[in-house]
Amino acid sequence: MKRMISRTLLVLSGAAVLLLSACSKTPEQGKHIPKNAAMVLGVNSEQIQEKLVKDGLTVDKLFDAVQSQDTSSSLAKAMKDAENSGVDMKGDVFIAMVPGEAGAKGYVAAYAKLKDAAKFEAFIKEKSKKEVKAGTDFKYVEDKNAIVGFSNETIIGVFAFDPTDFERHNPYAMDDFGDSAAAAPAPAKTANNTETLNKLFHLKKDESIATVESFKEVQKEKGDAFFWMSSEQVYAFNPGTPSGMAALMTGNIKKLTEGAYTAAAIHFENGKIKVNSKSYAGKEMQDIMKKYPMEKVNMDMIENYPSGNVFGFAIMNFDLRMLGDILKLLGMDGFANMGLAEAQLTLDDILKAFKGELAIVGSDFSATSAAQKPDIKFVFNMKVGDKAAFEKVMSSKMVAPMFTKVGENYVPQQPLGEIALSINDKRILVASDEALLTTYDAGKSKAKLDDVAVNAAKGSVFSVYLDIEKIVNNMPEESLKELPDSISNDIKGLLKNLTVSTEPFSGNTQKSVLELNFKNESQNTLAQMVNFTKKMWGYYEANKFDSRSQQATDSTVDANVIVDSAVAVPVQ
């Protein structure tokens with residue numbers, strides 16, 4: 001467990017450095033991103049650099065920090081190369097994932113802005129060892145599955161990939177609901193990279209993602225980074241030509257995903273990372289939302305929890321019948337009803353019996369040893385919906401054999417060990433122990449919750465809270481023992497809590513906010529992550545050197561043992 005935690009931290013730290021090095025390259029306008037893109041990631045390098053500079057961090061200092069441990073570091077070289085490549089160091093970066101057209105391979109396109117095209121031409125020629133060819137009004141270097149083109153101001157890199165690769169090599173792949181013997185999809189056709197690149201450089205206005213309203217909205221927020229996704233185009237990556245029921249589902253999924261987008265802007269602020277996201281529903285989903293409007297969460301479900309040591313909760317409130325309408329739209333309700341027929345139930349019975357009003361609360365987390373299971377107390381609470389439908393479900397052939405009805409309560413036939421369960425026609429409760437369940441059910445206690453947690457949950461239809469500080473401080477010391485005190489102290493002193501809050505749908509959109517709060521509220525979170533990353537990188541590089549030295553020593557010892565064994569005189 002210790003090694004796993006250490007390796008995870010190193011991987012995360014390395015990823016952060018790679019992200020920051022990528023941010024130093026400044027990108028182009030969204031006019032070159034096609035309208036049929038499935039996902040787009042954007043980075044505002046200028047804003048990010050300004051925030052780092054305010055805390056005394058520059059690209060040069062990041063390079064020096066990486067290089068100081070290992071002058072042969074490929075990351076250090078990449079950062080220095082980026083600085084001297086002719087790429088503009090200020091602007092917006094875009095990376096787009098685009099499905100292929102008419103059975104062709106999909107591709108990832110990366111966009112950046114140039115300040116010196118001649119310098120970049122020399123750079124790309126040296127690094128690729130390939131001929132720089134001339135296009136219509138741009139130049140390019142081409143490989144088998146990739147092409148990088150540039151004009152006087154813009155760089156576009158196109159990297160092809162085949163979405164059928166996983167399907168064709170997946171031994172568990174199934175087609176048409178269980179026919180594993182069905183033929184795997186044929187490999188996607190290789191697109192002409194030069195034609196794709198030429199098209200991207202010359203997109204018409206109505207062909208560009210810049211005309212999509214949800215994309216324009218997320219850019220207006222001026223986040224330090226943003227993410228945009230089209231659900232319809234993500235599904236367009238689905239390979240092959242389905243048949244039978246799968247074909248019907250494909251058409252219905254298209255109805256559900258048409259016009260559906262997700263967009264999120266990320267802000268690195270002092271003491272917190274804030275992600276403002278917005279989901280855009282298509283026409284079919286809007287109709288379902290209007291039919292079953294989401295209601296605000298019931299705060300009593302978390303506030304009645306009897307503990308002053310809550311480390312987290314999740315709470316939501318939605319009408320389960322919404323799921324039924326989605327399944328009907330997909331043409332899947334018939335399968336559900338077929339499965340329930342033997343129990344003399346229908347999908348509607350299940351969805352009416354229970355509300356989507358539920359909560360789970362956790363508290364008193366403690367772990368004395370990395371090798372032992374941590375102690376956690378919890379309660380899960382789900383409200384019952386229509387009483388008649390609930391009693392029908394509980395008395396059905398599927399459920400009745402598992403419970404005995406005693407008064408208003410349903411008692412399990414088999415013991416559940418330490419886990420406590422209580423079911424009646426008002427709610428279903430599951431808890432870590434009987435005493436906790438009884439006290440919670442009485443509703444006379446009051447949880448001690450941070451204001452941050454309460455404010456995030458109030459008025460929402462879905463909310464999550466996690467007290468990271470409590471969890472980290474209660475981790476066993478041995479799990480961080482192999483790390484230096486300076487790093488383990490930073491781990492404990494870095495993060496405070498996480499909150500997620502989702503509002504009810506309004507029109508065709510639903511807003512959500514995620515906040516990751518840091519303990520140091522006076523410094524920008526990006527600078528805090530960079531400083532932590534620099535320290536972790538130094539530790540990683542130092543350990544890598546020590547590991548190589550130890551391996552060399554072990555090899556020498558092994559060689560000596562072999563030689564000694566070979567020349568030893570046998571005992572007579």
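Q: Are F94 and F215 buried or exposed?

A: Both F94 and F215 are buried. Buried means under 20% relative accessible area, exposed means over 50%, and partly exposed lies in between (1.4 Å probe, protein chains only). The model is predicted: local features need pLDDT of at least 70, side-chain atom pairs count only at pLDDT 80 or more, and totals for chains, interfaces and linings use all residues. Residues are numbered from 1 along each chain as its sequence is written, and side-chain values use heavy atoms, with hydrogens and water left out.

Q: How many aromatic pairs does the whole structure hold?

A: A pair of aromatic rings is described by the distance of the centres and the angle of the planes. Rings of Phe, Tyr and Trp (its six-membered ring) pair if their centres lie within 6.5 Å; planes under 30 degrees apart are stacked, over 60 edge-to-face, and the rest tilted. The search of the whole structure gives 14 aromatic pairs. F94 and F215 make a tilted one, at 6.4 Å centre to centre and 45° between the planes.

Q: Which elements does the pair of F94 and F215 link?

A: Helices (H or I, at least four residues) and strands (E, at least two) are DSSP runs, numbered from the N terminus. F94 sits in strand β2 (residues 92-98) and F215 in helix α8 (residues 213-220).

Q: What is the geometry of the pair F354 and F390?

A: This pair is edge-to-face: 5.9 Å centre to centre, with 90° between the planes. F354 belongs to strand β12 (residues 354-366) and F390 to helix α16 (residues 387-394), 36 residues apart. Both F354 and F390 are buried.

Q: Which residues do ring pairs link into a cluster?

A: F94, F215, F226, W228 and Y261.

Q: Why does D349 count as buried?

A: Because its relative accessibility is 11%. D349 lies in helix α15 (residues 347-353).

Q: Which side chain makes a polar contact with the side chain of D349?

A: That of K392, at 2.9 Å. A polar contact is a pair of N or O atoms within 3.5 Å; within protein, one must be able to donate a hydrogen and the other to accept it, and residues adjacent in sequence count only if both atoms are side-chain atoms.

Q: How many helices and strands does the protein have?

A: The protein has 21 helices and 20 strands. Of its 572 residues, 42% count as buried.
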